[in-house]
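Try each task before you read its solution.

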Amino acid sequence: MPIKIPDQLPAAAVLGEENIFVMSESRAVTQNIRPLRVLILNLMPKKIETEIQLLRMLSNTPLQVHVDLLRIDDRDSRNTPQAHLENFYHDFEQVRGNNYDGMIITGAPLGLVEFEDVVYWERIGEIIRWSHEHVTSTLFLCWAVQAALKVLYGMEKQTRGEKLSGVYHHQRLVDHEPLLRGFDDEFVAPHSRYAAFDGDLIRAQTDLQIFAESEEAGVYLAATRDCRQVFVTGHPEYDALTLDQEYHRDLEAGLDPMVPVNYYPHNDPARPPRATWRSHGHLLFSNWLNYYVYQLTSYRLEDIGKVFTYANKN
């Protein structure tokens, strides 16, 4: 699909080299079409890298998507140029009055930090609650799943003793679910987290439908019954080298990390890894956009909030 992004966003050049159809804002304004509007709340430190990964995942359907980038606050970033944030990112106050067809909230390296110690905890809760009235369907990734489970269900965070890192096998649990359309009965996906997502606890404390699970990694994919909140506990958007970069970062920090599971050929970090989850990642994002966003959203963006307000009252 054509991804509609600012003309000078670094992702445009990278994705263009991959033969992904990127439409600049200057060209998009000449087309008489109503694109899907998707808001990305980027909590990852390396924001440009995450932008590229997510835009790549959103590029595999015929739908046209206009993307807005949102930052959680205006603090300086150690990993992203300030000029990039000022040029391409919105503050929440700038989008508060908007409606969106879809929203993605990324993970964040906060697995060992208590919710109340997260400097932007109140704001992330505000944005998650805001999405209920202003977004047709919101997709939460990794740490954002923990945050959403706390905000929406009051579920306390569960933390693993050791970091889960690697590529894990998952089983699909539901047949004929649109979000899983095209998935194999067993598929792999990368994880990088301290968070634990125990299926029994989630079933006991929420009304979520669990679509995919792993014996080692726990719940991987779940959603509310109205399709408006989707929870992905892993990182299907990761590039082939992302886990490798995280592993060597942790090595250099003296954290003595375990070698990511099922990632390097013959479990040898000296050998270059290869992505084995790419097709499933594209399917997941395409299915979400098609069945949970495009098929459910209102044609008029201004009607989104009205529909949800009416539904909540009844």
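**Exercise 1. The second largest cavity**

Task: Sort the lining of the second largest cavity into nonpolar, polar and charged residues.

Solution. The model is a predicted one. By class, the lining has eight nonpolar residues, one polar residue and no charged residues. Now find these residues in the model. The lining is made up of Val145, Leu149, Phe197, Ile202, Leu208, Val219, Ala222, Phe231 and Thr233. Next, look at the elements: α7 and β11 (218-223) each supply at least two of the lining residues. Last, the volume: this cavity holds about 30 Å³.

**Exercise 2. The largest cavity**

Task: State the volume of the largest cavity and name the residues that line it.

Solution. Start with the count. The structure has two cavities of 30 Å³ or more. The largest has a volume of about 60 Å³. Its lining consists of Gln146, Leu149, Met155, Glu156, Lys157, Gln158, Ala196, Phe197, Asp198 and Ile202. Then sort them: five are nonpolar, two polar and three charged. Leu149, Phe197 and Ile202 belong to this lining and also line the second largest cavity.

**Exercise 3. The largest pocket**

Task: Find which element gives the most to the lining of the largest pocket.

Solution. First, the space: the largest pocket holds about 1,200 Å³. It is lined by 45 residues, and those closest to its centre are Leu43, Met44, Pro45, Ala108 and Pro109. Next, list the elements that supply at least two lining residues each: α3 (47-57), α7 (143-153), β9 (186-195) and α9 (242-252). The top contributor is α9, with five residues. Finish with the classes. The lining has 19 nonpolar, twelve polar and 14 charged residues.

**Exercise 4. The second largest pocket**

Task: Find which element supplies the largest share of the lining of the second largest pocket.

Solution. This pocket holds about 300 Å³. Its lining has 19 residues, with Glu162, Lys163, Ser165, Pro257 and Met258 nearest the centre. β8 (159-172), β9 and α9 each supply at least two lining residues. The largest share comes from β8, with six. By class, the lining splits into eleven nonpolar, two polar and six charged residues.

**Exercise 5. Helices α1 and α3**

Task: Decide whether α1 is parallel or oblique to α3.

Solution. Two packed helices are described by the angle and the distance between their axes. The axes of α1 (residues 10-17) and α3 come within 9 Å and cross at roughly 45°. Therefore α1 is oblique to α3. The crossing is right-handed. On the α1 side, the contact uses Pro10, Ala11, Val14 and Leu15; on the α3 side, it uses Ile48, Ile52, Leu55 and Arg56. Seven of the contact residues are nonpolar, none is polar and one is charged.

**Exercise 6. Helices α6 and α7**

Task: Decide whether α6 is roughly parallel or roughly perpendicular to α7.

Solution. Take the angle: the axes of α6 (residues 121-134) and α7 cross at roughly 75° and come within 10 Å. Angles from 65 to 115 degrees count as roughly perpendicular, so α6 is roughly perpendicular to α7. Now trace the contact. From α6 come Trp121, Gly125, Ile128, Arg129 and His132; they meet Trp143, Ala147, Ala148, Lys150, Val151 and Leu152 of α7. By class, the contact has seven nonpolar, two polar and two charged residues.

Note on methods: Residues numbered from 1 in each chain as written. Predicted model: local features only at pLDDT ≥ 70, side-chain atom pairs only at ≥ 80, totals over all residues. Heavy atoms only, no water. 1 Å grid on protein atoms, 1.4 Å probe; cavity = no way out; pocket = protein on both sides within 12 Å on 5 of 7 lines; lining within 4 Å. Points joined across faces, edges and corners; volume = space filled by probe spheres on them. Helix = DSSP H or I, 4+ residues; strand = E, 2+ residues; numbered from the N terminus. Nonpolar A, V, L, I, M, F, W, Y, C, P; charged D, E, K, R; others polar. Axes fitted to C-alpha atoms, helices over the stretch in contact; angles between N-to-C directions. Parallel < 35°, antiparallel > 145°, perpendicular 65-115°, else oblique. Left-handed = near helix turned anticlockwise from the far one by under 90°. Contact = heavy atoms within 4.5 Å.
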